[in-house]
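Dear colleague,

I am passing on the structure that we spoke about, and below it you will find my notes on what turned up when I went through it.

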Amino acid sequence: MSLQNPPAGYPVMSGIILTTLITAIVHLSFGIPLFVLNGLGYLGLLVLLYAPLAALERFRPAVRYVLIGYTVLTIVLYFVMGPPFMAVGLLTKAVEAILVVLLVVEAGRVRSAAR
């Protein structure tokens, strides 16, 4: 892959990787077990989504939808549990909302390409 002629989905994929890493790092940085587990979950799903292993290829659509659900659940639980870290939390929720949008765009692109 050449950066002078990247594939059509490269900007979306890059955005997904970046936003997932940001939210994972924020969650891991708090050091609270529940947050650490959440951050590890993001990293694990990211690896399953993009690791260059042929054995994972057939699972990628399902992993993408699991990551969407995981992210939405994280956003909802933030507001249900009462935000302990208000400024950082709201910024992270914005990043997670962008992640959901990018994942939906990518899922639509993959579905269209499969037709």
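The side chain of Asn38 makes a polar contact of 3.4 Å with the side chain of His27, where a polar contact is a pair of N or O atoms within 3.5 Å, one able to donate a hydrogen and the other to accept it, and residues adjacent in sequence count only if both atoms are side-chain atoms. Please bear in mind that this is a predicted model, in which local features need pLDDT of at least 70 and side-chain atom pairs count only at pLDDT 80 or more, while totals for chains, interfaces and linings use all residues. Residues are numbered from 1 along each chain as its sequence is written, and side-chain values use heavy atoms, with hydrogens and water left out.

Asn38 is placed in helix α2, helices being DSSP runs of H or I with at least four residues, numbered from the N terminus. Asn38 counts as buried because its relative accessibility is 14%, the cut-offs being under 20% for buried, over 50% for exposed and partly exposed in between, with a 1.4 Å probe and protein chains only. Neighbours within four places in sequence aside, Asn38 is in contact (heavy atoms within 4.5 Å) with His27, Tyr70 and Thr74.

Tyr42, with residues up to four places away likewise not counted, touches a list of residues that includes His27, Tyr70, Thr74, Leu67 and Leu99.

Met81, by contrast, lies in helix α3 and counts as exposed, because its relative accessibility is 57%.

Notes: Helices (H or I, at least four residues) and strands (E, at least two) are DSSP runs, numbered from the N terminus.
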